[in-house]
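Good morning, and thank you for making the time.

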Amino acid sequence: MNGAVVVLADVWDAGASAVASAVAGRLGDDRVIVVRPEDLARARWTHRVDARGVATTRLSLPAGQVLDGGGAIGAVLHRLHWVPPVGFATASAKDRDYAAAELQALTSSWLLGIASRVVGVVNACGTARGSVSELMALTHARHCGLPIARRSTATRGGLLPPPGPGERHMPRLAWPGGRAAPVPVDVLPDLPAAPGGRLLVVGDEVVGGLAGRYAGHCRRLARRLGTRLFELRLVASGDTPVVAGIDLCPQLDLDGHTAAVADLLVRVCDGRPAGSAS
């Protein structure tokens, strides 16, 4: 028997819960371990980094399960936003911040050590969306040949004319003064969603109505982003749908999303090819 599928997600993450249920239906309840961020904060950690820089980690979770870098973990669905410093409520703000930083660093090093088994963003940031901004992700998408919706930025709103058709202005701070406020403003697309315009990239599979048109570009983008799970949001712009947003931790709320992610996790757990990015 291969290891368990570990789902790292908050309690309110309905997409992750649906995936966990789907995997349990295929592999059995005993092969799925749902871990909340609070569980990681309360776990007992044994973490070592050898002279070659290779990290090995063993976690004893509050419910009694033990996760280590060996065969106990077959696949991981990574949906964590942060690990709260549980147990430091009465500590100083400085100590709470330090504890939170240490927990995040531990989580990041653990996931990097088992990166080939992780579905989701894996980097030194340790969070489900990593350190890549949406603007940077869109830049990568353009380099991969995907059509991108126009957007721009001004150092303050007063430098911009009123929003034109198909665009909206978004101040980066809630600051009094309206359009003349000395706050940077983003000019973002405000166009209707393209039919079938949400594309979920899961390993080498692309799920959505426009998959046949953009699948090759999406696979190239997966390699550039270093993740095998993300979603593109396309909007209608003339005859060509264009990408307006990229979500590195998608909701997984459309038909076929749950099954596609469950399939990928089972393939990773069984050691079968699971996609070009990791």
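First, the conventions. This is a predicted model, in which local features need pLDDT of at least 70 and side-chain atom pairs count only at pLDDT 80 or more, while totals for chains, interfaces and linings use all residues. Residues are numbered from 1 along each chain as its sequence is written, and side-chain values use heavy atoms, with hydrogens and water left out.

Helices here are DSSP runs of H or I of at least four residues, strands are E runs of at least two, and both are numbered from the N terminus. Consider helix α1, residues 14–27, and helix α6, residues 257–269: their axes come within 9 Å and cross at roughly 55°. Axes are lines fitted to C-alpha atoms, for helices over the stretch in contact, and angles run from 0 to 180 degrees between N-to-C directions. The pair is therefore oblique, the term for whatever is left once angles under 35 degrees are called roughly parallel, over 145 roughly antiparallel and 65 to 115 roughly perpendicular.

Which residues make the contact? From α1 they are Ala18, Val19, Ala22, Val23, Arg26 and Leu27; from α6 they are Thr258, Ala259, Val261, Ala262, Asp263, Leu265 and Val266. Contact means heavy atoms within 4.5 Å.

Just after α6, Gly271 has a positive phi of about 75°.

Now to the loops. Leu252 sits between β14 (242–247) and α6, and its phi is near 60°, a positive value in a residue other than glycine. Most residues other than glycine have a negative phi. Leu252 counts as buried because its relative accessibility is 4%.

Trp82 belongs to the loop between β6 (73–78) and α3 (93–113). With 47% relative accessibility, Trp82 counts as partly exposed, the class between buried and exposed, the latter being over 50%. Its contacts, leaving aside neighbours within four places in sequence, are Pro37, Ala100 and Gln104.

Finally, Pro161 lies in the loop between β8 (152–154) and β9 (167–171), and at 54% relative accessibility it counts as exposed. Not counting residues up to four places away in sequence, Pro161 touches His169 and Arg179. Pro161 and Arg179 are 18 residues apart in sequence and 9.5 Å apart in space, C-alpha to C-alpha.

Conventions
Buried < 20%, exposed > 50% of the residue type's maximum accessible area, 1.4 Å probe, protein only.
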